[in-house]
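Please find below a colleague's note on the structure shown here. The points are numbered so that each can be checked separately.

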Amino acid sequence: MTGSAQTLTYETRGRTGIITFTRPEVRHSLDIAMREEIAALLPGIRADRNLSALIVTGSGGAFCSGGDLKSLSEEERPVDVNRERIAKLHTWFTELANLELPVIAAVDGPAFGAGFNLALVADFVLATPRARFCAVFGRIGLVPDLGGFFLLPRIVGLARAKELVMTARSISATEAKEMGIVLEIHEPDTLLDAALAFAKRFDSSSRLAAGMAKVILNQALHTDQRALADMEAMAQTLCLASDYHKEAVQRFLDKKPLEFDWDKMSATDAVR
């Protein structure tokens with residue numbers, strides 16, 4: 001499924017898929033073509049059983065500067081058309097949010113507006129010191145779209161989300177890390193390698209267990225305890241029946257190292 005489109009490329013390295021935005025001259029603004037190309041990729045990524053992780057990144061020192069204001073200003077649209085256009089974003093964005101793979105955003109340069117939310121929808125954000133994050137919508141009299149109302153408060157808390165949205169101020173990678181948005185900070189020339197090394201650790205994990213845990217965790221803050229217990233029971237039943245679980249238990253009983261041990265993999269990466 002490797003290939004190029006008008007606004008992005010997709011490739012696989014080992015068991016990791018990589019979406020790279022390819023319009024650095026406009027800082028990868030999220031125009032209609034880019035939305036459609038992301039949407040077109042996702043079913044194939046979801047169906048690829050060889051994948052263990054997905055990286056989303058931008059080229060040329062930018063991640064995504066947000067919506068394409070030029071196209072927004074070129075045509076006056078009726079209110080109902082604009083509402084439908086925004087609602088349609090969630091068709092593919094929800095699929096990305098619930099992709100049953102670990103998703104890693106490798107952010108260099110600006111992640112503004114919808115680009116900020118493209119980073120937030122990832123399970124892990126790795127950034128460079130020159131990364132900047134901003135819920136910029138308020139600067140032009142808009143409210144967050146592309147899932148911002150859902151994602152931001154769940155990551156930084158309600159009070160901090162209000163501050164970031166209503167002030168529309170930008171934050172550095174360091175401040176974003178302090179808020180829990182960014183997991184790791186790497187230099188620009190090592191960012192992709194760091195993201196690939198991070199992603200590769202999932203090669204030895206159970207895709208079933210990781211995927212189901214992610215989907216349930218995504219619903220944990222707005223679902224009642226009884227419903228979560230039902231989800232837990234169903235997911236655990238499926239995982240208990242998996243070959244991965246049975247083989248891992250046998251390795252444990254045979255006193256062999258487990259294949260998926262994040263602590264050991266982290267230590268190994270650190271000494272390389």
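1. R23 lies in the loop between β3 and α1, where helices (H or I, at least four residues) and strands (E, at least two) are DSSP runs numbered from the N terminus. With a relative accessibility of 15%, R23 counts as buried; buried means under 20% relative accessible area, exposed over 50%, and partly exposed in between (1.4 Å probe, protein chains only). Not counting residues up to four places away in sequence, R23 touches Q6, T7, H28, S29 and D31, contact meaning heavy atoms within 4.5 Å.

2. On provenance, this is a predicted model, in which local features need pLDDT of at least 70 and side-chain atom pairs count only at pLDDT 80 or more, while totals for chains, interfaces and linings use all residues. Residues are numbered from 1 along each chain as its sequence is written, and side-chain values use heavy atoms, with hydrogens and water left out.

3. Most residues other than glycine have a negative phi. R27, although not a glycine, has a positive phi of about 50°, and R27 is found between β3 (16–21) and α1 (32–47). H28, also not a glycine, has a positive phi of about 55°. H28 is placed in the loop between β3 and α1 and is buried, its relative accessible area being 1%.

4. As to the overall fold, the protein has twelve helices and ten strands. Its radius of gyration is 19 Å, close to the 19 Å that the globule rule gives for 272 residues, so the protein is as compact as a globular protein of that length. The radius is taken over C-alpha atoms, and the globule rule is 2.2 Å times the number of residues to the power 0.38. Taken along the principal axes, the C-alpha atoms fill a box of roughly 65 × 45 × 40 Å. Of the 272 residues, 42% are buried. Among contacts with a separation of 6 or more, 69% are between residues 24 or more positions apart.

5. Which residues does L146 touch, not counting residues up to four places away in sequence? They are L30, L89, H90, W92, F93, A114, N117, L118 and L151. L146 is found in the loop between β8 (132–134) and α5 (148–156), and L146 is buried, with a relative accessible area of 0%. The C-alpha atoms of L146 and K255 are separated by 48 Å, the two residues being 109 apart along the chain.

6. I155 belongs to helix α5 and, with a relative accessible area of 31%, is partly exposed. Leaving aside neighbours within four places in sequence, I155 is in contact with L120, M179, G180 and I181. For I155 and G180, the C-alpha to C-alpha distance is 6.6 Å at a sequence separation of 25 residues.

7. How are helices α9 and α10 oriented relative to each other, roughly parallel or roughly antiparallel? The axes of α9 (residues 207–219) and α10 (residues 225–240) come within 10 Å and cross at roughly 175°; α9 and α10 are therefore roughly antiparallel. Axes are lines fitted to C-alpha atoms, for helices over the stretch in contact, and angles run from 0 to 180 degrees between N-to-C directions. Angles under 35 degrees count as roughly parallel, over 145 as roughly antiparallel, 65 to 115 as roughly perpendicular, and the rest as oblique. The contact is made by L208, A209, M212, I216 and Q219 of α9 together with L228, M231, E232, A235, L238 and C239 of α10. By class, this contact has nine nonpolar, one polar and one charged residues (Ala, Val, Leu, Ile, Met, Phe, Trp, Tyr, Cys and Pro count as nonpolar, Asp, Glu, Lys and Arg as charged, and the others, Gly among them, as polar).

8. Finally, the structure holds ten salt bridges, each a side-chain nitrogen of Lys or Arg within 4 Å of a carboxyl oxygen of Asp or Glu. One of them joins R169 and E163 at 2.4 Å, N to O. R169 also forms a salt bridge with E175, with the closest N and O atoms 2.6 Å apart. R169 is partly exposed at 27% relative accessibility, as are E163 at 24% and E175 at 23%. Salt bridges that share partners join R160, E163, R169 and E175 into one network. Another salt bridge pairs D203 with K200, the closest N and O atoms being 3.5 Å apart; K200 counts as exposed at 55% relative accessibility.
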